[in-house]
Amino acid sequence: MKAVDFITQIRNGDIDVVEHTRKVIEQIKKINKEYHYFNAVSEKEALEQAEKVAKNPSGKLAGLPVSFKDAICVKGVETTAGSRILKGYRPTFDATVVERVKKEGGIVIGKTSQDEFGFGAFSVNMGIGYEKPLNPFDKERACGGSSGGSGGISQKADFPHISLGESTGGSIVNPASFCGVFGLCPTYGRVSRYGLLDYSNSLDKIGPMAKYADDIALMMEVIAGFDENESTCADKPVDDYTKQIDIDISGMKIGVIKEAFNGADAGVEKAVRGKIAELEGLGAEYEEISLPTAIKFGIPTYYLISTSEASTNLAKYCGMRYGKHEKLEEGFNEYFTKVRSMHLGQEAKRRIILGTFARMAGYRDAYYMKAMAVRTKIIQEYKKAFKEFDALVCPTVSMLPPKFTDIDKLSVLDHYNIDNLTVGPNLAGLPHMNVPVGFEGKLPVGMMLIANHFDENSLIRIGSDLVK
Amino acid sequence: MKVDKELIRNVAELARLKLTDEEEKKFIEDLKEILGAFSAIDKVDTKGIEGAFHSVEIKDRLRDDLVEESLSQEEALENTEHKKDGYFKGPKAV
């Protein structure tokens, strides 16, 4: 059932919200034992909220179960971004997106599993002591990352549900693709990040993941918009995203990114090209476009910038004010070093090292500053494309969800290269959405739509028209 | 670009990390591979192009300098194991 239909039933009193919430909590606990989609299940808070909604079911999300990537702060619920260094941290406040969801009667059911701090494309770079989420279609395969738990539960839940994921370089659309659901990463600044444990400030975005485009649109209306607590949040009116569902796409012009099919799995290419061919029947035009800089240089640009920012962001995790503490002994350098070395996982350490290096005196211009300039070129390339096209399209990920045993064989650079199609729109701050376009065998294939800044409308309009 | 033990140790120290011998060895290999591949961006002509610190234009915003409600001292200290007399207690600084 779509969230929109469920909420109508809650409002009409056809469903007992407390009873429903109780069942959902039981169900996710059961799913979690097998698939590891949650780092925390917020049973007590969920039931308390359900009682409130039972008394006043007027909110836009009345009674709807909503999960949040673990990197998003929920008051009183353990929030770790999947890292042992934050084990035990219970925020004393709600992130703005959580506050808005609660205000509209949404029910926070738990915190979803992820690569530690968002550092991964498969949800296999788990923090110490965390288990990898398993793909809902095949437990030997990955959910994608880094919002892997959000993708998994969005597919596996047979109750109405929306998850909020977070993307720095592709972490919403990638797991949405591997798990066969919609996932929308909004324009940079469209949704407040107040209360998000940062990975990379100039890149992080929070966005919805769900089975239906209607639900994505509904959630965007709740979470988008200005927030005085967040200095990068855009002060622009919020569109009527749900109205886009019924608007057809005739007359729209869509660019098919030529280079994005190089090296794509044959099954992925077939499903995506098949869907693109349907555009014509829906009244839209499409033609090929080349984006050489974004596709070819996106990976080094993205990793140099994001690790540079991450290395400074993670400096605050040092065993002082929250999370893991150790016995206070020796000087502060020794203490911080001890806590960080004990509790940060391998990939977190690797990215801190890479980012610290890229900003170091003597290397800063060659790596960090150079990457920032290439980023400008990439943004210019997209902006030029949007003079001609309403949206761009390509596969979301070049491969089908891989087996864990095959992921083990990849080098670190291979891991980074998985993001080659998703880093472009993330570097340029462009809204992009995964559309589940079909299956190759039993595995889902995702197609990515990219639109101009603050044009989430086009994504929802095209996505909902392509997948009815 | 020479990536060796000395460089990795220096970077790790700046980042307040103490790596095990195994981590050191692995990260040297990883960094060699990564930086080798990433040197591709040297080929992009960026003459006269400024870096993009943000992808969309962001205006500076200031609010009036007024006292507003904030966390209480108890709330701020709720998550720490090391506190004393209403303050965070840290390791020795000198």
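User: How much area do chain B and chain A bury between them?

Analyst: This is a predicted model, in which local features need pLDDT of at least 70, side-chain atom pairs count only at pLDDT 80 or more, and totals for chains, interfaces and linings use all residues. Residues are numbered from 1 along each chain as its sequence is written, chains are lettered from A and ligands numbered from 1 in the order in which they are written, and side-chain values use heavy atoms, leaving out hydrogens and water. Buried area is the accessible area (1.4 Å probe) that two parts lose on being put together, summed over both. Carbon and sulfur atoms carry 69% of the total, which is about 5,300 Å².

User: Which side chain meets A:Arg350 in a salt bridge?

Analyst: A salt bridge puts a side-chain nitrogen of Lys or Arg within 4 Å of a carboxyl oxygen of Asp or Glu. The count between the two chains is two. In this one, N to O is 2.7 Å, and the partner of A:Arg350 is B:Asp30.

User: Which helix gives the most to the side of chain B that touches chain A?

Analyst: Helices here are DSSP runs (H or I, at least four residues), numbered from the N terminus. Both α1 (5–14) and α2 (21–38) of chain B supply at least two residues of that side. With 10 residues, the one giving the most is α2(B).
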